[in-house]
Amino acid sequence: MWTQDAYIKAMNYAAEAHGEQKVQGKPYSYLYHISLVSMELMACLQHEKHEKGDFILQCAILHDVLEDTETSSEHLVLDFSRDVLEGVQALTKNTSIQADKRMKECLERIKRQPREIWMVKMADRISNLQEPPAHWDKEKIHHYFGESQVIYDELHEASPYLTQRLALKIEAYRKYLA
Ligand code: NI
C-alpha cells in the first residue's frame, strides 16, 4: 500500500536536494535515476503485498540525499521520520572506509535494517545494470558485475519479485564482460 502524496512529498524533497546534479557521465538530471529506482519498487508492489509501501518509496526517492547532497540527518528526520533517516543512512556509502571494502560494509548495515531497505538496494542495482559508462575499463565492469552478484546473494530473501528482476539484469550484463 502506497499513496501518491507520500511519493510527491519525497520527490519534492529529493528534487530540491539534488538540484542541478546529473547522473554520472550523462547529461540527465539525477531525478532520472531516482525515478527508475522508485519505478522498480512500484512494479514490485503491484506483485507483492508489502505493508509499508510509503516507507519503501520514500526511502527509494531519498536514498542518495545524504550521500550526494548537502542534506543533513537532522533535516531529514524532521521532514520524514527516524525510520526513514536510518534507512537512508544505511544506504549511504561510508567514504571514510577503503573503496574496495565500502560495499561489503554498506551491505552489513543494510542487513541490520528492515527488509524494505534491502529492497531499495536491490532496486538501485537493477536500475544501474545498464550499458556501462564509456569511460569504464574492463576491470571496473568485471568488478561491478561481481558486486551485483554479492548484492543478489546477500539480499535476495527480501523480495522474490526483485530477486527475479535482479537475476535477469545480472545475466543481461554478462554481454559487457567480454
Ligand atoms: Ni542510487
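Trainee: Which residues form one aromatic cluster?

Mentor: This is a predicted model, and every value here is computed from it. In this model the cluster is made of Trp-136, Tyr-144, Phe-145, Tyr-173 and Tyr-176.

Trainee: How many aromatic pairs does a search of the whole structure find?

Mentor: Ring pairs are read from the distance between centres and the angle between planes. The search finds seven such pairs. In one of them, Tyr-13 and Phe-80, the ring centres are 5.2 Å apart and the planes stand at 85°, so the pair is edge-to-face.

Trainee: Which parts of the chain does the pair of Tyr-13 and Phe-80 tie together?

Mentor: Tyr-13 belongs to helix α1 (residues 4-18), while Phe-80 is in the loop between α5 (73-79) and α6 (82-90); the pair therefore ties together parts that are 67 residues apart in sequence.

Trainee: Are Tyr-13 and Phe-80 buried or exposed?

Mentor: Both are buried. Phe-80 also has a charged neighbour: Lys-9 lies over the face of its ring, 4.6 Å from the ring centre.

Trainee: Which ring has the charged end of Arg-125 over it?

Mentor: That ring belongs to Tyr-144, and the charged end is 3.9 Å from its centre. Tyr-144 is also one of the members of the aromatic cluster.

Trainee: Where do His-63 and Asp-124 lie?

Mentor: His-63 is in the loop between α3 (53-62) and α4 (65-68), and Asp-124 is in helix α8 (residues 115-128), so this pair ties together parts that are 61 residues apart in sequence.

Trainee: What is the relative accessibility of each of these two, starting with His-63 and then Asp-124?

Mentor: The cut-off for buried is under 20%. His-63 has 2% and counts as buried. Asp-124 has 11% and counts as buried too.

Trainee: How many disulfides does a search of the whole structure find?

Mentor: The test is a distance between cysteine sulfur atoms, and the search finds zero disulfides. For Cys-44, the closest cysteine sulfur is in Cys-59, 14 Å away, which is too far for a bond. For Cys-59, the closest cysteine sulfur is in Cys-106, at 13 Å, again too far for a bond. Cys-44 is buried at 0% relative accessibility, and Cys-59 is buried with a relative accessible area of 0%.

Trainee: How much space lies in the largest pocket?

Mentor: Rolling a probe the size of a water molecule over the atoms shows where empty space is left. The largest pocket here holds about 1,200 Å³. It is lined by 39 residues, and those closest to its centre are Gln-24, Lys-93, Asn-128, Trp-136 and Tyr-144. Trp-136 and Tyr-144 also belong to the aromatic cluster.

Trainee: Which element supplies the largest share of the lining?

Mentor: Helix α8 does, with five residues. The elements that each give at least two residues are α2 (31-47), α4, α7 (102-111), α8 and α9 (138-155).

Trainee: How far apart in space are Ser-159 and Met-119?

Mentor: Distance along the chain and distance in space are read separately. These two are 40 residues apart in sequence and 6.8 Å apart, C-alpha to C-alpha. Ser-159 lies in the loop between α9 and α10 and is buried, with a relative accessible area of 0%.

Trainee: What separates the C-alpha atoms of Glu-171 and Glu-105?

Mentor: They are separated by 25 Å, and the two residues are 66 residues apart along the chain. Glu-171 is found in helix α10 (residues 160-173) and is partly exposed, with a relative accessible area of 45%.

Definitions and conventions. Residues are numbered from 1 along each chain as its sequence is written. This is a predicted model: local features need pLDDT of at least 70, side-chain atom pairs count only at pLDDT 80 or more; totals for chains, interfaces and linings use all residues. Side-chain values use heavy atoms; hydrogens and water are left out. Helices (H or I, at least four residues) and strands (E, at least two) are DSSP runs, numbered from the N terminus. Buried means under 20% relative accessible area, exposed over 50%, partly exposed in between (1.4 Å probe, protein chains only). A disulfide is a pair of cysteine sulfur atoms within 2.5 Å. Rings of Phe, Tyr and Trp (its six-membered ring) pair if their centres lie within 6.5 Å; planes under 30 degrees apart count as stacked, over 60 as edge-to-face and the rest as tilted. A charge sits over a ring if NZ of Lys or CZ of Arg is within 6 Å of the ring centre and within 35 degrees of the ring normal. On a 1 Å grid over the protein atoms alone, a cavity is a set of points where a 1.4 Å probe fits but cannot get out, and a pocket is an open set with protein on both sides within 12 Å along at least five of seven lines; lining residues have an atom within 4 Å of a point. Grid points are joined across faces, edges and corners, and a volume is the space filled by probe spheres set on the points.
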